[in-house]
Amino acid sequence: MKKKLVLGMVSMMGLFSLAACGNSADDAVVETKAGDVTQQELYDAMKAKVGDQYVSQLAMTKILEDKYKVTDKEIDAAYKTFQDQYGDQLASMLQQSGYTEKSFKSDYLKFDLLSTKAAEASVDTSDKALEEYYKTWQPAITVEHILVADKAKADDLHKKVTSGGNFEELAKANSTDTGSATQGGKLAPFGPGKMLPEFEKAAYALKNKGDISPVVKTDAGYHIIKMLDHPAKTTFEKDKAQVKKDYLASKVTSETKTAALQKLYKKADVKIDDKDLKDAFAQYDSSAKKESDSSTTK
């Protein structure tokens, strides 16, 4: 099973834009008999709640865009990856986190892709490094699976799919992995290290299209896996483009992204004019972090 999506910050771009628009700060955005809510009150409330988090992302996005570019095509492709993974659940997940599809793309995905490019820039992608990685590299595979909580039910379903039952229909009717069940159990292509170890081992053991695994137990439950596409590993030169892509993906983590952003922040000569936002860049400012760590140990 793939790792769950974690959305770090509620999108507030539209609200900040409203509060910071050209009208007077005393203009009302909401009127009631008990009193009005002014633009300034709205802005102050939002700044207190998410100001540090949001202003740091706005500023770091500008810093990143000065060096790296992300196209609409790249953003759309990243969004499709989430659609493939979460299916009909994605819309409700975004809504719960305060995102629309548009704001998720413009706020979350754009920043994540820019951060990824910054982290990738520090990775050694020489032929020597890639050839070493190629020794254990395997192409991404595509499978369908059925997930249930009960071993007896898994055994019963396994008998059905191995005796001619329609795998996709049985997945739709029985799989508890709701993200893939609506797709007949189909998962997005994945490579080594992307799934639970037991699932990955069983999936990669299936060599031919249509092969079906025994019942596989993981922390998520009991799986039946069907192979859809298992590309063969060929030669380094033929596989090099995909190898480089996968190698970069293996090297880019939240830690390497943060390290890349810290370097960019240090060079950007950031000055904070609003004292209420003085701690907004603490995660990128190593000197501020050291000062904070020192004060907590006194």
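Q: Under what relative accessible area does a residue count as buried?
A: Welcome! In this predicted model, a residue counts as exposed over 50% relative accessible area and as partly exposed in between. Buried means under 20%.

Q: How many of the seven residues of strand 3 are buried?
A: Strand 3 covers residues 142–148. On one side sit Thr-142, Glu-144, Ile-146 and Val-148, and on the other Val-143, His-145 and Leu-147; every one of these is buried. Strand 3 is therefore covered on both faces, with each residue under the 20% cut-off. The number of buried residues is seven of seven.

Q: How many helices and how many strands are there in the chain?
A: The chain has 298 residues, and 39% of them count as buried. Its accessible surface is about 17,700 Å², with 51% belonging to carbon and sulfur atoms. As for its elements, the chain holds 13 helices and five strands.

Q: What share of the contacts with a separation of 6 or more is made by residues 24 or more positions apart?
A: One example of residues set apart in sequence is Ala-119 and Ala-259, which are 140 residues apart along the chain but 7.7 Å apart in space, C-alpha to C-alpha. Over the chain, residues 24 or more positions apart make up a share of the contacts with a separation of 6 or more that comes to 71%.

Q: Which strands stand at the edges of the open sheet, each with a single partner strand?
A: Three strands form the open sheet in an antiparallel pairing, and their order is 3-5-4. From one strand to the next, the twist averages 40°.

Q: Over how many bridges do strand 3 and strand 5 pair?
A: Strand 5 spans residues 221–229 and pairs with strand 3 in the antiparallel sense. The number of bridges between strand 3 and strand 5 is seven.

Q: How many residues lie between strand 4 and strand 5 in their hairpin?
A: Strand 4 and strand 5 run antiparallel and are joined by three bridges. In one of the pairs, Thr-218 has Gly-221 of strand 5 as its bridge partner. Strand 5 is mostly covered, as seven of its nine residues are buried. The number of residues between the two strands of the hairpin is two.

Q: Which helix packs on the sheet and touches strand 3, strand 4 and strand 5?
A: Helix 7, residues 151–162, lies across strand 3 and strand 5 and runs at about 25° to strand 5. Another helix, made of residues 197–204, touches strand 3, strand 4 and strand 5, and its direction makes about 155° with that of strand 4. That helix is helix 10.

Q: What is the relative accessible area of Ser-213?
A: Ser-213 has its place in the loop between helix 10 and strand 4. Leaving out residues up to four places away in sequence, Ser-213 touches His-158, Leu-206, Ile-224 and Ile-225. Ser-213 counts as buried, because its relative accessible area is 1%.

Q: At what angle do helix 3 and helix 5 pack?
A: Helix 3 (residues 72–86) and helix 5 (residues 101–120) have their axes 9 Å apart. Residues making the contact include Tyr-79 and Phe-82 of helix 3 and Phe-104 and Leu-113 of helix 5. The contact residues divide into eight nonpolar, no polar and six charged. Helix 3 is roughly perpendicular to helix 5, and their packing angle is about 105°.

Q: Is Ala-119 buried or exposed, going by its relative accessibility?
A: Ala-119 lies in helix 5. Apart from neighbours within four places in sequence, Ala-119 is in contact with Val-252, Thr-256, Lys-257 and Ala-260. The relative accessibility of Ala-119 is 2%, so this residue counts as buried.

How values were computed:
Residues are numbered from 1 along each chain as its sequence is written. This is a predicted model: local features need pLDDT of at least 70, side-chain atom pairs count only at pLDDT 80 or more; totals for chains, interfaces and linings use all residues. Side-chain values use heavy atoms; hydrogens and water are left out. Helices (H or I, at least four residues) and strands (E, at least two) are DSSP runs, numbered from the N terminus. Buried means under 20% relative accessible area, exposed over 50%, partly exposed in between (1.4 Å probe, protein chains only). Contact means heavy atoms within 4.5 Å. Accessible areas come from the Shrake-Rupley method with a 1.4 Å probe; for residues, only the protein chains shown count as cover. Two strands pair if DSSP finds at least two bridges between them. Axes are lines fitted to C-alpha atoms, for helices over the stretch in contact, and angles run from 0 to 180 degrees between N-to-C directions. Angles under 35 degrees count as roughly parallel, over 145 as roughly antiparallel, 65 to 115 as roughly perpendicular and the rest as oblique. Ala, Val, Leu, Ile, Met, Phe, Trp, Tyr, Cys and Pro count as nonpolar, Asp, Glu, Lys and Arg as charged, and the others, Gly among them, as polar.
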